[in-house]
Amino acid sequence: MASLNTLVAVCLIYVAFLFAVAFAAERAAIRGKGGWLRAPLVYTLSLSVYCTAWTFYGAVGYAARSGMEFVTIYLGPSLVMIGWWWVLRKLVRIGRTQRVTSIADLISSRYGKSNALAIVVTLMAVIGVTPYIALQLQSVTLSLSIFSDAEAVVRRPSATAGFWVAAGLALFTVLFGTRNLNANERHDGVVIAVAVEAVVKLIALLAVGGFVVWGLGGGLGQMMARIDASDIGTWQVDSSRWLALTAVSAAAFLCLPRMFQVLVVENDGDRQLQIASWAFPLYLMLMSLFVVPIAVMGLEMLPAGSNPDLFVLTLPLAEGRDGLAVLSFLGGFSSATSMVIVATLALSTMVSNHIVMPLWLSLRAEGATVSGDVRNVVILSRRLSIMVIIAFGFLYFRFSGGSAALASIGLISFVGVAQFLPALMGGIFWRGSTRGGALAGLITGFSIWAYTSLLPSFGVDTVYSAALFEEGLWGLAWLRPHALFGLGGLDPTVHAVVWSLTLNTVFFIGVSLLSFPSPMERLQGAQFVNVFDHAGPAMGWRASTTTSEDLMIMAQRILGAEEARDLFRTAAHAQGISGYLPEPTPAFLSTLERELAASVGAATAHAMVSQLVGGASVSVEDLMAVANESAQILEYSNQLEAKSAELTRTAGQLREANEKLKALSVQKDAFLGQISHELRTPMTSIRSFSEILRDTDGLGSVEKTRYASIIHAEAVRLTRLLDDLLDLSVLENGQVNLNLVTGSLSELIDHAVMTTRSGAGKLSIERRRLNEAVSLTTDHDRLGQVFVNLITNAQKYCDAENPTLTVSVEEKDGCTMVRFADNGTTIPGASRALIFEKFSRINDKDGSGAGLGLAICREIMTRLGGDIMYEPDEGGNAFVIQLPSEKRLAAAQ
Amino acid sequence: MTSKVPPDVFVERDTYRKRRWMDALRLLPFCGLGLWALPIIWSNGSADETPLVATSQAIAYVFVVWLFLIISGFALGRVLSLKTGGREV
Amino acid sequence: MGKRVLLVEDELNIVEAIRFLLSREGWQVETHVDGATAIEKIREGRPDLVVLDYMLPGKNGMDILTELRADSDFSDLPILMLTARGQSKDRAQAERAGVSRFMTKPFSNTEVLNAVRDLVRAKAQ
């Protein structure tokens, strides 16, 4: 007989071994050598947290009492895993894309990041799971007591032992569960420890089973005969319980916080799930393979009154197989510890993220912009939550007296967490489900569960009086806890399952149908339901007034300085910004929010970001996306919209064209009037004087000469006008052929000055020849025409006493500028806008100009790919010619 | 927005086969549910006229169904991951 | 003799031609280039005839015409208007404004002299 001390030593060595494994795994993961930690096998084994002490010890007890019924709690999960393609695949994908930290986070995130919903789910989970944790403590202390006193098989478990077990579990969970803050990151240490424990418990149960079947039962055939001959030898399972328990265990498998943790949060890809889809049912099958034989042999061989919940231990002990008994004890110990660790981890994340952190944030007046590292607060709050939850479990264990059969506590817990199912399934499959519906369903289901299942479980005359069971609450018969609405005659568990889940679903659907979701709910709904269609996040932060510095400070406090800097730098890099502060674009804010959500949950992260960013976060585009109830409708409306936009555009273009035509018509009239005037004016002089010469007798020769020269001058003016008009027309119509030659700018200016020398008058021209050494490929004749025109204008109009024209060349922004500056009277401001217009004549005293010169200059420069500008100068006027660069010339052609 | 592309009606033989395997995978849980729900029509002692089902038979039935589901799940998973070249299905 | 004509025209060669023609007919010709000052000269000098160009710097011929006709003192002053724009709507506008005669450039010298004679004769009757 192994002494209690030996057992405690074995326990401690085993725990130390687990610590070492977990520590090694964490180290490997940090060094990037943790690939094997993500193997589907590890994932599958980690799912075994489903198999708790209830399963390990309780299943045998269950079988001893009710035969094959125990297997239902394995059938449900097996079906869920086999049907992974339907539900789990979607859950896991949502969990990954939304960086979900817990089931409360998922439900709250789906229904518009509602923290109220998160709190409700968290509280329900804590209430539902605490008895379960107590159950684990009970099983460990119970099994310990077996060893301490082999005779007192049904001895009450020791409270002191329970306390130490609880303390040890709390320590382990704190050490490995809160090492990294980011709950969305895998807890590699915990997962690997759980996987190791999964192997231990499977081996232990198979060993005991093998011993029972072949060591005690005399082989498979004989064993079967013994089973059929036993008290549980025939099929006596109640049909309604068979179905209800299968359904509830399936639901619980999805909804239990610890299962959600290992299934969804710790998941690393669809491949893990695909392998686990058959491997985990295999594990469950092996776990249940020898349950009935052990139960039958226990019933047969052990004294009447032995606790069937402990047959797994007491059978080897009674046969003197101490080694096997210790192995079996370790199996049970593993089942209990792995469950408590993962469940507490999941619950503490929920409590910390959805209750403690929001409270803490709201208590601080500064809100999200607090000073100091929020990470410490988060970790501290998570550690405290772990201890508080385990303390709750211990207190429950201490005061419930540990008397109830393991299986019944487990089932009550299952039904409790199964209440999450309607909100969960509705959330991922039905876009119409709303926050109101989820709240109504959860609260209804949970209340009915508490009333019909949890509270009665404490036994008659503890919470409920015997009268209440008989006559119902306040003497209302239809409120009897086991016969609600008069539906009596049902098994109490089935009764609770049927009423709680039915009314839960009815309220969930009913309220959802009647209520209207907020934009955020609709957005999230679309994201969740269409998780396989939507690649990117659609929730939008409006481009905001927040500064990246503020966001950086907040992110550093939650993610840690280094991680935050990395995140920001990556984002800045993606935006093409050097440095580490990206623009607070909607996309970046969404990413940041999701990163924060992985640490503190969606609702809190959303609240923190919105505190800094401020204002509504749903943009018109987002609403448009939500409005897309079906892609077709949107497509259609998009087409309509496009068509109407096109019509509007066409109408606008037509209107514009009409305006242009009208303006052109006015311009044409004015132009024709101008041309007519310019042609008729010299013609008038010519006609008049030629008639005078013809009709007047006795004109003196001086007069004759004078009149003839007027006629000549006017004829010349007319010719020049016609030349100019023709030139302009050619230029404007783009029919001009450019004769591109490479030559020096200096020579070009020389030539222009030479050409105009005849009319030079008093005008002196100053040049800076050094700068003129520029080689130029352009149409030199045309450019020369511009120069000549400008020099001629200066000759004609410069009214200074000593008229001077300064020609200078300068380089500016890679362009060559030639500047013709005179010292005449500056053109008045109102006229400046007109100087390049046709027929505009400013200070034209002798009327010899047609007012086309500068218009032609401008056309030429445009054709050459350059430009001409007027600049009023200090005491003069300057025309600046921007010479065409090679590139622009090419483009102009 | 994803515009829904209508799936091709005629696909290559391999693709067609792969889709049918997918169908089988999807149907498997319902198959299991049906088989495991079958015991509810067994006599459970409340009606005397029919002979009771022995627990050994019940165990055999439940575990055979279990094994069938596991093997089918494994086989379909293998077939599909081979067909898709190891990619996620 | 001694009849005075006031010529408002900005083209110097045309001024010279008209001055030559009318001087030989015995007119005393006074010329102004700028439209704005011309109207003052007319009010001061009260000429027997005004020859008015349509396009003028300062104030155009149509404005001067309208202004003069608005004044009862000048409602019957013979005004000969010349224009190089040659657009029919200008003629219609000038006639509405009460022009005595409207002629398009380039004119024939005989036409101008006949018109001036007609206007003076009409005034005398």
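Reply: Start with burial: a residue is buried if 20 or more other C-beta atoms lie within 10 Å of its own. The model here is predicted. By that count, 19% of the 89 residues of chain B are buried.

Me: What share of the 893 residues of chain A counts as buried?
Reply: In chain A the buried share is 48%.

Me: What do the contacts in chain A say about separation along the sequence?
Reply: Take the contacts between residues at least 6 apart in sequence: in chain A, 79% of these join residues at least 24 apart.

Me: Now helix packing. At what angle do α9(A) and α15(A) pack?
Reply: Helix α9 of chain A covers residues 188–216, and helix α15 of chain A covers residues 311–318. The angle between them is about 55°, and their axes are 11 Å apart. An angle between 35 and 65 degrees falls in the oblique class, so α9(A) is oblique to α15(A).

Me: Is the crossing of α9(A) and α15(A) left-handed or right-handed?
Reply: α9(A) and α15(A) form a left-handed crossing.

Me: Which residues meet there, and how do they divide by type?
Reply: From α9(A) come Val208(A), Phe211(A) and Val212(A); they meet Val312(A), Leu315(A) and Pro316(A) of α15(A). The contact of α9(A) with α15(A) has 6 nonpolar residues, with no polar and no charged ones.

How values were computed: Residues numbered from 1 in each chain as written. Chains lettered and ligands numbered in written order. Predicted model: local features only at pLDDT ≥ 70, side-chain atom pairs only at ≥ 80, totals over all residues. Buried ≥ 20, exposed ≤ 12 C-beta atoms within 10 Å, placed from the backbone. Axes fitted to C-alpha atoms, helices over the stretch in contact; angles between N-to-C directions. Helix = DSSP H or I, 4+ residues; strand = E, 2+ residues; numbered from the N terminus. Parallel < 35°, antiparallel > 145°, perpendicular 65-115°, else oblique. Left-handed = near helix turned anticlockwise from the far one by under 90°. Contact = placed C-beta atoms within 7 Å. Nonpolar A, V, L, I, M, F, W, Y, C, P; charged D, E, K, R; others polar.
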